[in-house]
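Here are some exercises to work through with the model open in your viewer. Try each task before you read its solution.

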Amino acid sequence: MSARPIPGRRGLLLGAIGLGVPLLYRPLGPWRWRWRPRGSDAARLTGLLEHQRSARAVGREYLRVAPAEASAGALASLVVSQFPAEHRALGRVMDRQLRELLLLAVRQDFLQGRTVELHGWIVALTEARVCAIAALRSPPPAAPGAYGLG
Amino acid sequence: MFDDARSVPPQARVETDICIVGSGAAGITLARELIGLPLRVTVLESGAFEYDGETQALYDGDSVGLPYSVSASRLRFFGGTTNHWGGICRPWEDADFEARDGIRFSGWPIRKADLAPYYTPAARVCRVPSPEWELDEWVRRDRAAPFALSSDRIVSRVTQIVPRSMRGFGKNYREELRRARNVAVLLHANVTNIETDEAGATATSVRVATLPGNQFSVGARVFVLATGAIENARLLLASNERRPRGLGNQHDLVGRFFADHARFIGGVIAPSNPRMSMRFYEVHSVGRAMVRGYLATSKQWQLAEGLMDLQIRPEPVYERHMDRTITSPSVSSLKLMLRSIRRGETVPGFGQHVTRVAADLGTWQRFAIPGAPVPVPYPEVVREMAGSTRREAERLMPALAGDVATRAYLEYFGARIDSILLSTRIEQAPNPDSRVTLTGARDRLGMPRVALDWRLSDIDRRNVRRSLELLGAEIGHAGIGRLKILLAQDGPGWPDDLDGGHHLMGTTRMSDDPKQGVVDRHCRIHGMSNLFVAGSSVFPTSGGGTPTLTLVALALRLAEYLKRTMRP
């Protein structure tokens with residue numbers, strides 16, 4: 001097995017840009033630093049999404065086409081039910097692992113055709129449901145159509 | 001040899017063995033196959049060697065259905081429509097010839113195996129650079145790669161593109177036909193009627209008229225119509241002296257089932273990686289061949305779900321260079337779509353929310369805490385690295401640093417793919433209401449003009465939407481991005497950018513059953529002993545692939561049939 005090459009000046013420059021530019025430009029968001037998983041399943045799931053406003057917009061549209069699912073707890077259960085049995089107790093699942101589980105569930109949705117069409121976009125059921133949880137956990141937008149429906 | 005119909009004495013009768021009407025891809029292919037045989041062959045061509053407005057105007061007609069340019073979609077001079085052919089070739093698949101569940105009138109009376117022996121010679125006739133069509137082989141040769149899709153729902157295929165200088169059959173084969181002793185090509189010869197015996201079962205001659213005014217007839221033992229889907233139907237319908245409904249039209253089928261490969265922007269992909277390579281799906285060279293990949297539902301899924309075929313050509317829209325790179329009028333629909341995007345109708349707006357959510361789950365943040373002002377790795381990532389062996393750390397570190405650096409690079413350097421438009425070209429479901437009829441108007445030679453009522457159906461809409469839905473799931477699964485279907489689920493209309501592919505097909509469809517088709521499996525008109533049709537008007541279904549290679553293969557097959565059955 002060959003050794004990984006030592007980064008050259010170009011690599012170091014790119015690395016510095018990678019670390020420095022986001023520091024300058026990324027907006028300060030509601031980030032959390034935690035060592036132990038806390039909160040309800042619904043909170044844990046939606047906490048993984050950085051773009052909460054986008055998640056709420058997608059979630060509201062999902063709830064419009066699936067109004068029967070308008071319960072954050074029930075949605076969280078539906079999402080978690082897609083995980084392998086040993087990972088369904090989220091209190092024992094760290095955030096990074098949870099993200100991997102979600103990603104896997106999304107991929108499985110696409111593979112098995114568990115998709116939903118939202119404004120023409122083909123979205124995995126799991127990601128739509130996580131977004132719906134985000135929508136249910138926050139107040140509705142101030143004005144109708146504030147998010148644009150492209 | 002070539003001759004000029006304008007110099008044939010009025011009311012003369014020219015005798016020949018085989019009379020071919022039309023010198024497009026099918027007519028020229030057939031004539032070439034008959035060179036050197038002890039048979040006299042006469043090819044009747046309306047035009048000469050160059051485009052002529054007066055001759056072309058004989059094609060004028062009305063479009064009374066979906067927008068269609070009745071005249072501009074074809075050319076009326078030696079070489080026919082190959083004079084503006086795009087040169088895109090690919091043999092059809094086995095399933096293209098099979099009946100589909102739930103699709104009425106689908107299925108050919110012949111199988112791919114019946115046509116397979118003719119595809120390789122047809123590729124030579126069309127001057128296709130390589131006889132290779134298998135995706136694996138092209139991927140092996142090509143530096144560009146197709147999307148890495150993991151299921152069997154969507155496949156990539158390769159088309160070859162004949163170089164522009166080699167596309168015109170007229171130019172390619174003019175000299176060969178000039179030298180042929182048993183083949184006479186009569187230019188400026190417009191066939192206005194097919195005359196038959198009293199029973200209307202045997203064609204005896206065709207009436208020919210020229211624009212200057214002289215008229216004569218050509219008698220033959222066998223006649224082959226090779227004038228394209230609109231004109232073949234027009235000629236049969238107009239030849240109604242013995243059969244009031246027209247020749248071959250005892251079951252009211254001539255002119256029906258008109259089909260084209262309708263094309264429009266059916267969807268758009270918001271890519272996860274704006275720097276992804278789209279080269280495989282753009283026209284590019286591999287060795288001496290020009291190729292282009294496209295996406296389609298797999299034949300397995302088409303048969304399982306009763307879907308028709310289609311071609312989905314991903315057209316990347318580069319964020320900053322779009323206006324410079326797209327200048328061709330033929331892709332004005334892409335510009336239209338770009339303006340729509342900029343107005344916030346596709347990727348921006350709701351699409352932006354979808355792509356952000358997808359990115360939240362699937363990209364660089366797999367290793368870092370969301371929302372942090374700087375990329376802060378998850379504590380467990382740090383712990384893993386601290387407690388890991390050097391090999392494990394090496395595995396994790398590039399993933400973190402690489403993603404972060406890549407993200408920064410993508411945001412601040414270089415051109416990015418803003419979106420990928422999905423130029424969608426569909427195999428139209430057989431539709432008897434999509435048809436060519438005659439009108440009361442007449443052209444300069446007294447021929448009735450045509451009205452084209454091109455129609456698509458709900459089956460076509462369902463086919464596009466279901467195929468794009470499958471593609472959307474595939475690209476979501478592969479992490480390529482998210483797809484939006486632009487074609488509405490219901491509603492009477494089709495997209496504003498809907499256009500035909502100028503692939504005219506289906507008006508004299510092939511079937512063993514005279515109640516379902518105009519010609520039999522040998523391309524002979526049902527109920528007539530010696531009148532044949534060559535070209536894509538005999539296609540009962542139109543396949544997802546372009547028609548030229550297949551129609552040339554069919555013409556070769558017809559030539560072999562005539563050689564086998566005709567005695568000198």
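Two ground rules on strands: helices (H or I, at least four residues) and strands (E, at least two) are DSSP runs, numbered from the N terminus, and two strands pair if DSSP finds at least two bridges between them. The model is predicted, so local features need pLDDT of at least 70 and side-chain atom pairs count only at pLDDT 80 or more, while totals for chains, interfaces and linings use all residues. Residues are numbered from 1 along each chain as its sequence is written, with chains lettered from A and ligands numbered from 1 in the order in which they are written.

**Exercise 1.** Work out the strand order of the open four-stranded sheet in chain B, then look at its turns.

Step 1. Start at the edges: β2 (13–15) and β9 (190–196) of chain B each pair on one side only.

Step 2. Go in from β2(B). Three bridges tie it to β11 (residues 215–219) of chain B in parallel, with R13(B) opposite S217(B).

Step 3. Next, β11(B) and β10(B) run antiparallel, joined by five bridges; V206(B) has V218(B) as its bridge partner. Five residues separate the two strands in their hairpin, and G213(B) in the turn has a positive phi of about 130 degrees.

Step 4. Finish with β10 (residues 203–209) and β9(B), an antiparallel pair held by six bridges, where V191(B) faces V208(B). This hairpin has six residues between the strands, and G200(B) takes a positive phi near 70 degrees.

**Exercise 2.** Describe the open six-stranded sheet of chain B.

Step 1. Read off the order, β1-β8-β4-β3-β12-β21 (chain B), with parallel pairing. The edge strands are β1 (2–4) and β21 (531–533) of chain B.

Step 2. Zoom in on one pair. Strands β4 (residues 41–44) and β8 (residues 183–187) of chain B are parallel and share four bridges; T42(B) sits opposite A184(B).

**Exercise 3.** Which residues have the most contacts inside the largest nonpolar core?

Step 1. A residue is buried if 20 or more other C-beta atoms lie within 10 Å of its own, exposed if 12 or fewer, and partly exposed in between, with C-beta atoms placed from the backbone. A nonpolar core is a set of buried Ala, Val, Leu, Ile, Met, Phe, Trp, Tyr and Cys residues joined through C-beta atoms within 7 Å.

Step 2. The largest core has 100 residues, and L30(B), F223(B), V224(B) and A534(B) have the most contacts inside it. Helix α14 (residues 548–565) of chain B gives the most to this core, ten residues.

Step 3. Now check the other core: it is separate, has 78 residues and includes L125(A), A262(B), F264(B) and I485(B).

**Exercise 4.** Is helix α13 of chain B largely enclosed or open?

Step 1. Check its span. Helix α13 (residues 458–477) of chain B has 20 residues and reaches 28 Å from first C-alpha to last, close to the 28 Å expected at 1.5 Å a residue (1.5 Å times one less than the number of residues).

Step 2. Count burial: 14 of the 20 residues of α13(B) are buried, so the helix is largely enclosed by the rest of the structure.

Step 3. Look just past its end, where G479(B) takes a positive phi of about 75 degrees.
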